[in-house]
Amino acid sequence: MGIAKEVVQHPEDLIPLAKLVVASKKIKMQLPAEPHWGFAYSMLQNVSRSFALVIQQLGPELRNAVCVFYLVLRALDTVEDDTSIPVDIKVPILLGFHEHIYDRDWHFSCGTNAYKVLMDKFHFVAVAFLELSKSHQEAIEDITMRMGAGMAKFICKEVETVAEYNEYCHYVAGLVGLGLSKLFHASRLERLAPDSLSNSMGLFLQKTNIIRDYLEDINEIPKSRMFWPRHIWSKYANKLEDLKHEENSLKAVQCLNDMVTDALAHVQDCLEYLSDLKDPAIFRFCAIPQIMAIGTLALCYNNAEVFRGVVKMRRGKK
Ligand code: D9A
C-alpha cells in the first residue's frame, strides 16, 4: 500500500509507521526454520499483516496454535468465497474440512493470489496442526466442524432478519471467539470464558467489517453476497444497491447508523470479556482488534463516505 503517500499526507504518522516497519522486519527475521512453520508464518504475513503483528504478542506454544487456527479458518473462508466452485462440490468440502486438517495428503485447489498458495500448500498447515498438543487440536477441530456446517447452511441463503444476521456472524466469527477462548484455556493461561462473551468478541469484529466493506462488497465482480440484513436496510431502501447512489444519501446514512447501533450492542460483552483476562499478552492480542473496530465504527458513524469508498483507519492511527 502507499506508505510514501501516507507519510506525505500525514507526516505525523511517520513515527508509528517506522515502529510498524521495525516490528514487521523483526517478524521476517524470526521466521522458523522448519518448512511448515516457515510457510505458516510467512503465509500469515501475506494474508494479514496486522494480524501477523498482533499474534506476536503471544508466547510460542499459544502463538503456534493460533497461527494454525487462523490459517485453517482462512482456508475454509477461501472455499466458502470461491464462487466458481459448484455448490454440490463445495458443501461436502465445507462439511469435511475438520477431517482434512488431520490429512497431510489432502488438497483442494481454489481461491486466488495468496489464498491460492495457501490452498495449494495446505499440507504444510496439516503438518503444523499435527504438531500441536491434543487439546489445541481438539479445539481447532471442533470449531472448524461447526463453522463448516454453518457456512454450508448459509450457502444459498440471503440474510433476512437480525436473528439470521447474528446466526451467520456466529458461524463465521463468533465461533472464532469460542475457539480462541478454548485455546487460551487449554494453555492454562486463562479461565474458560462464557460462550456468549466469546461469541460477542467475534460478532463485534465481523459486523464492523460488514459495515465498513459495504461498497467493496457491493461492487465485487462476480457479485459477492451481501450480509446487511434485509430487515434493517428495507426500512431505508427498496434495494441494498440503492444506498450507494448519491440521491439516497440521507436514507443511506440513516441505515448505516442503524447498522452501527446494532454492532455497538456487543461492546458491553466485549469489555467484560477483556476485563476478565489475566495474561497481559493475551489481553493485548484480544484488545488490539477490538480497539481498531471501535475506531472504525466511530469513523463510519454518520459518514456517507462508507457509500463512496472504503473508510479505513490509517496505520499510524491504529
Ligand atoms: C481473529 Cl484466530 C480473526 N478475525 C479478526 C482478527 O481478530 C480476531 C480471525 C481468526 C482469529 C482471530 C480475534 C483476535 C483476538 C481475539 C479474538 C478474535 O476473540 C477472542 O476473534 C474473535 O478480525 C476475523 C473474524 C472477525 C472473522 C473473527 C483481527 C484481524 N484484523 C484484520 C484487520 C482488518 O482491517 O480487517 O484479522 C487484519 O489483520 O487483516
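Helices here (H or I, at least four residues) and strands (E, at least two) are DSSP runs, numbered from the N terminus. By that rule, Asp258 sits in helix H14 (residues 249-264).

Before going further, some ground rules. This is a predicted model, where local features need pLDDT of at least 70, side-chain atom pairs count only at pLDDT 80 or more, and totals for chains, interfaces and linings use all residues. Residues are numbered from 1 along each chain as its sequence is written, and side-chain values use heavy atoms, with hydrogens and water left out.

**Domains and core**

The chain splits into domain 1 (31-141) and domain 2 (157-318), with bounds that come from an automatic or database domain assignment. Taken over C-alpha atoms, their centres are 23 Å apart. Contact means heavy atoms within 4.5 Å, and by that rule 19 residues of domain 1 meet 20 residues of domain 2.

A nonpolar core is a set of buried Ala, Val, Leu, Ile, Met, Phe, Trp, Tyr and Cys residues joined through side-chain atoms within 4.5 Å. As for burial, buried means under 20% relative accessible area, exposed over 50%, and partly exposed in between (1.4 Å probe, protein chains only). The largest nonpolar core has 100 residues, and the members touching the most others are Phe97, Tyr214, Trp228, Leu243 and Phe285. Helix H5 (residues 60-81) supplies the largest share of this core, 13 residues. Both domain 1 (31-141) and domain 2 (157-318) contribute residues, so the core lies between them.

What does Trp228 touch, leaving aside neighbours within four places in sequence? Its partners include Tyr214 and Leu243, along with Val159, Ile210, Ile211, Trp233, Leu240, Cys255, Leu256, Met259 and Phe307.

**The H7/H8 pair**

The axes of helix H7 (residues 113-120) and helix H8 (residues 122-130) come within 4 Å and cross at roughly 60 degrees. Those axes are lines fitted to C-alpha atoms, for helices over the stretch in contact, and angles run from 0 to 180 degrees between N-to-C directions. H7 and H8 are therefore oblique to each other (under 35 degrees counts as roughly parallel, over 145 as roughly antiparallel, 65 to 115 as roughly perpendicular and the rest as oblique). On the H7 side, Leu118, Met119 and Asp120 meet Phe122, His123 and Val125 of H8.

Asn113, also in H7, has a positive phi of about 50 degrees despite not being a glycine.

| Residue | Relative accessible area | Class |
|---|---|---|
| Ala23 | 29% | partly exposed |
| Asp258 | 18% | buried |
| His266 | 11% | buried |
| Asn113 | 65% | exposed |
| Asn302 | 51% | exposed |

Back to Asp258: not counting residues up to four places away in sequence, Asp258 touches Ile232, Lys235 and Tyr236. His266 is in the loop between H14 and helix H15 (267-275). With the neighbours within four places in sequence set aside, His266 contacts Asn166, Ser200, Leu203, Phe204 and Lys207.

Ala23 belongs to helix H2 (residues 14-29). Ala23 and Leu53 are 30 residues apart in sequence but 7.4 Å apart in space, C-alpha to C-alpha.

Asn302, in the segment after helix H16 (280-300), is not a glycine either, and its phi is positive, near 60 degrees. And where is the cis peptide bond? A cis bond joins Ile221 and Pro222, with omega at about -5 degrees. Pro222 lies in the loop between helix H12 (214-218) and helix H13 (230-233).
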